[in-house]
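Hi everyone, thanks for making time. Have a look at the model on the screen, and I'll walk you through a few spots.

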Amino acid sequence: QQPKSGYISVEVLTDTIEAARKPSVAAIDGLALGGGLEVAMVGTQRLPRLVGLAKSLEMMLTSKPVKGEEALGLGLVDAVVSSHELVNAARQWALDILARRKPWVANLYKTDKIEPLGEARQILNFARAQTRKRAPNLKHPLVCIDVIEEGIVNGPKPALYKEVEAFQGLLKSDTSKSLIHIFFAQRGTSKVPGITDRGLVPRKVKKVAILGGGLMGSGIATALLLSNYTVILKEVNEKFLEAGIGRVKANLGSRVKKGQMTREKFEKTMSLLRGVLDFESFRDVDMVIEAVIENVSLKQQIFADLEKYCPPHCILASNTSTIDLNLIGKRTKSQDRIIGAHFFSPAHIMPLLEIVRTEHTSPQIIVDLLDVGKKIKKTPIIVGNCTGFAVNRIFFPYTQAGLFLVERGTDVYRIDRAITKFGMPMGPFRLADLVGFGVAIATGSQFIENFAERTYKSMLIPIMQEDKRAGESTRKGFYLYDNKRKASPDPELKMYIEKARSISGVAVDPKVSLHGSQNQIGPVGSVGWSYGSII
């Protein structure tokens with residue numbers, strides 16, 4: 001006979017363990033995340049009663065863990081001891097409970113940290129509003145809030161049964177299946193047959209040089225500095241170098257403003273960064289990441305220079321988003337050390353790192369870069385060497401479809417709204433502005449060269465760039481930007497779309513405005529270049 005729903009959480013944990021006359025003490029050695037914390041608390045419904053409603057909502061809705069000392073201050077744990085004292089301290093605590101030297105209160109029935117009902121409902125409603133804004137398509141965070149409210153209104157026991165019922169429904173949802181898939185897929189990225197199963201030990205990387213202090217280079221530098229790597233940032237002149245270091249300072253300064261970093265830590269982190277204008281200080285670096293513009297001949301010259309100045313063990317990485325690495329390393333004899341390290345903008349925030357290997361790349365180099373990726377808190381995926389690698393090969397049709405629709409009368413801003421409503425952080429045109437049109441054009445050129453027959457030809461982005469619109473960096477792209485980088489629609493965009501449409505030979509039904517999405521007439525001709533990929 002199968003146990004009824006709720007058997008474990010209600011009858012075993014609550015009615016048997018928590019209600020027993022013999023005290024139980026949870027001794028946590030290391031992490032207790034998710035289910036681990038639930039077991040330590042003897043089940044769900046306890047967190048708000050231990051740390052208060054507001055803090056428990058923050059922890060549950062953002063999956064934000066707390067460290068031992070903070071947990072003690074919150075009342076989530078009763079004591080923090082060293083690892084070797086843990087078991088003895090837990091035993092003594094249980095004996096002290098029996099001897100009435102320590103309090104013995106069932107967590108499920110604590111109410112001293114729960115606000116009065118009216119105030120509690122205000123907190124819960126605020127949490128709902130914030131959750132709908134942050135994750136409009138997700139149901140389970142709202143269910144989480146609902147079952148917390150049930151516990152406050154009707155008591156913990158009814159809430160436990162409501163949790164069981166809600167959990168059974170969520171377990172079968174597409175979201176649940178997708179999250180489980182992502183969980184295992186992310187962990188699977190570190191296992192690469194023929195590479196990670198060879199017993200290779202990652203070599204220690206202490207000092208990293210970055211070529212290029214633009215948006216991407218400064219972001220990569222920030223990510224490395226935050227993980228305590230010594231970083232050398234090289235630029236072509238003082239003006240560009242000063243700007244690059246300024247971007248790193250701004251990235252770290254933003255953390256200080258948000259309370260994520262102290263001023264002292266900021267100064268210490270910045271001290272790990274050194275700006276240079278030549279290759280002389282590259283002689284003892286362990287890794288170089290090239291992050292200059294997407295120009296093949298420039299990259300080839302850089303890698304030829306790197307081979308001369310960098311030590312023989314140095315990893316030679318390129319942040320290129322699309323260019324064939326064999327082409328980049330054509331002028332070198334070090335193709336076994338050349339690898340792709342493709343970050344995503346903003347590089348110090350976005351978690352993905354594409355590690356691109358060629359048929360020449362040494363397994364040791366791959367293992368080394370995998371280790372660096374994990375240490376800077378990225379999710380590294382190893383991909384093959386081809387135009388666009390993995391992400392841009394997926395992304396290219398998406399951006400092409402956007403340009404295709406715009407030239408047939410669909411409103412740019414309507415497309416972006418639809419994409420953000422679907423759940424993406426931003427639409428393709430807002431993203432194009434963020435990354436910059438220079439990258440879009442350089443990347444698109446590679447696709448034209450390699451996939452001419454599959455490429456939709458649009459001149460919209462090049463036309464805009466010719467008119468000194470390059471995206472967010474120039475405060476004009478598909479959107480207009482104010483001093484705080486806030487985007488707003490640009491009425492002048494219509495002019496550029498009309499021009500691009502005339503070059504592509506696309507006729508649009510005059511009854512349909514640029515804000516429409518009804519019947520349009522297809523292309524009557526196709527000339528010019530196409531630029532669709534923007535990462």
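So, how many salt bridges does the count come to? The count comes to 24, where a salt bridge is a side-chain nitrogen of Lys or Arg within 4 Å of a carboxyl oxygen of Asp or Glu.

Quick housekeeping. This is a predicted model, so local features need pLDDT of at least 70 and side-chain atom pairs count only at pLDDT 80 or more, while totals for chains, interfaces and linings use all residues. Residues are numbered from 1 along each chain as its sequence is written, and side-chain values use heavy atoms, with hydrogens and water left out.

Back to the bridges. Take Lys 157 and Asp 15, whose side chains meet at 3.1 Å, N to O. Lys 157 sits in helix 9 (residues 156-171) and Asp 15 in helix 1 (residues 7-18), so this pair ties together parts that are 142 residues apart in sequence. Helices here are DSSP runs of H or I, at least four residues, and strands are runs of E, at least two, numbered from the N terminus.

Lys 157 is partly exposed, at 28% relative accessible area, and Asp 15 is partly exposed too, at 37%. For the wording: buried means under 20% relative accessible area, exposed over 50%, and partly exposed is in between, with a 1.4 Å probe and protein chains only.

Now try Arg 46 and Glu 18, a salt bridge at 2.6 Å, N to O. Arg 46 is in the loop between helix 2 (35-40) and helix 3 (47-51), Glu 18 is in helix 1, and they are 28 residues apart. Are these two buried or exposed? Both Arg 46 and Glu 18 are buried.

One more pair: Arg 469 bridges to Glu 492, with the closest N and O atoms 3.4 Å apart. Arg 469 lies in the loop between helix 21 (460-466) and strand 9 (479-481), and Glu 492 in the loop between strand 10 (487-489) and helix 22 (493-504), so the pair ties together parts that are 23 residues apart in sequence. Arg 469 is buried, at 1%, whereas Glu 492 is partly exposed, at 42%.

Some bridges share partners: Lys 55, Glu 58, Lys 64 and Glu 70 are joined into one network that way.

Last stop, helix 10 (residues 174-188), where you'll find Phe 183. Phe 183 has 39% relative accessibility, so it counts as partly exposed. That's my tour, thanks!
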